[in-house]
Amino acid sequence: MSLSVINNATCTFCGCVCDDIQLHHDEMRIHKANKACVLGTAWFLNHTAEKKYPMALIDGREASLDDAIEMAATLLHEADMPLVYGMSNTTCEAQKECVALADQLGGLLDSHTSL
Amino acid sequence: MYWGGNPAECHPRHFTKYTIMQKSKFLPRGRKDRTMVLVDIRETKSANAADIFLQIKPGKDFELITILRAMIKDEYVADEQINATGLTRETLDDLIRRMKAAKFGCMFFGMGLSMTRGKHMNSAALLMLAAEMNAFTKFVAMPMRGHGNVTGADVIMRWQTGYPFGISFNRGYPRYNPGEFSTVDVLVRGDCDAAFIIGADPGGTMPQPAIDHLKRIPTIVLDPHITHTSALARVHITTAPQGIAAPGTAYRMDELPMPLKPALKSPYPSDEEVVRRINEAIARKPFWLPDGSQPQMLTRQV
């Protein structure tokens, strides 16, 4: 079976964000990550398109995405001082939504930088 | 100059792609035209790549930077003050001579500087040293960022709020005060009564009192994996991993934005989609401040 190739893919494992990786992949997984370092290779090859985990968990039990989103919104809305934290392993587009979330909630907003 | 970091093992391509190996117009011989200095408390694999390795005593970073700041200006520093850092006057004289002779110096500092005794005071001192070196030659300083898009978080927060991290919106407008609004402090004091965690695993990295507070309050986690934090959370939502199955933008540590080229189609939604839907769900609920007490834009001069 032939693999699809992506040239100049971006690796987001560490802060170097190398943008010259060549990925060889099929629908399920990435088989080869040329030019990537040991850390980047592990990052690309260990993530697959398999459905390994449930869509969502509420109190440790499997739940639908819609229920989990509604529950998250309720818990955050009920709180007096909610905290929005992390944002390292996610895209800038999601980070912008997180800022909007903290703004809308009147809560706290912080990233790994403060650790 | 690398200070308190181990790029050979933590950022394996930093040397070859960005700092010491590349040939350029002004440095045609690449590595041979550059000097690399490593300052650390132990001899890591990065020391093999360095021209000069300065092994200092643990917890003496701030002292050494302060001594360097004095010595570049030919101010008096006593031998015993230098010896307390684990180095000698000859070593420092040689280092300062090389720093001043350089055409362009760059300091990269890692968590060995910014997360040990002195913390942000150490980083501030190194930034001062880099600034003061500009009286002699061009010098800059940059932190070695760990996780993928942590630089993007700084940039996005700066763009949207004016501050890079440690922000509170509890008066309806952003305020910045690390130590008061930074997460470890907030959690250890038990200030927040809900937590939304995305692209991070504080359950595996934070001090125990902070984790204990996350267990006490409703915690919501967005992550491609079931993490330590997911195990103590009320809600976990699985999302597509960025750059592998989710598209978007990530910032390199020198604040250059890079487009992501995802190779796979994930069965899970992206972080962006889930957070946007949570935002929409909250927007349907009543606003947290009563009507009339919401912050207003000043539109007319009084």
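The accessible surface of chain A comes to about 4,800 Å², and carbon and sulfur atoms hold 49% of it; such areas are computed by the Shrake-Rupley method with a 1.4 Å probe, and for residues only the protein chains shown count as cover. This is a predicted model, in which local features need pLDDT of at least 70 and side-chain atom pairs count only at pLDDT 80 or more, while totals for chains, interfaces and linings use all residues. Residues are numbered from 1 along each chain as its sequence is written, chains are lettered from A and ligands numbered from 1 in the order in which they are written, and side-chain values use heavy atoms, leaving out hydrogens and water.

**Stop 1: chain A as a whole**

Starting at the N terminus, the order in chain A is β-β-β-α-β-β-α-β-α-β. Chain A is more spread out than a compact globule, because its radius of gyration is 18 Å, well over the 13 Å that the globule rule gives for 115 residues. That radius is taken over C-alpha atoms, and the rule is 2.2 Å times the number of residues to the power 0.38. The C-alpha trace of chain A spans about 50 × 35 × 20 Å along its principal axes.

Next, colour chain A by domain. Domain 1 covers 4–46 and domain 2 covers 56–114, with bounds from an automatic or database domain assignment. The centres of these two domains of chain A, taken over C-alpha atoms, are 28 Å apart.

Of the 115 residues in chain A, 56% are buried. Buried means under 20% relative accessible area, exposed over 50%, and partly exposed in between (1.4 Å probe, protein chains only).

**Stop 2: two loop residues in chain A**

Most residues other than glycine have a negative phi. Select Val17(A), in the loop between β1 (4–9) and β2 (21–25) of chain A. Its phi is positive, about 40 degrees, although Val17(A) is not a glycine. With 1% relative accessibility, Val17(A) counts as buried.

Now go to Met87(A), in the loop between β6 (82–86) and α3 (92–105) of chain A. Met87(A) has a positive phi near 70 degrees and is a residue other than glycine. Its relative accessibility is 0%, so Met87(A) counts as buried.

**Stop 3: chain B as a whole**

Switch to chain B, which has 13 helices and twelve strands. Its C-alpha trace spans about 65 × 50 × 45 Å along the principal axes. Domain 1 of chain B is 2–143 and domain 2 is 150–283; their centres, over C-alpha atoms, are separated by 32 Å.

Of the 302 residues of chain B, 50% count as buried. Chain B exposes about 14,800 Å², with 54% supplied by carbon and sulfur atoms. Among the contacts in chain B with a separation of 6 or more, 47% join residues 24 or more positions apart; a contact means heavy atoms within 4.5 Å.

**Stop 4: Ala231(B)**

Finally, select Ala231(B), in helix α12 (residues 228–231) of chain B. Ala231(B) counts as exposed, at 69% relative accessibility.

Terms used. Helices (H or I, at least four residues) and strands (E, at least two) are DSSP runs, numbered from the N terminus.
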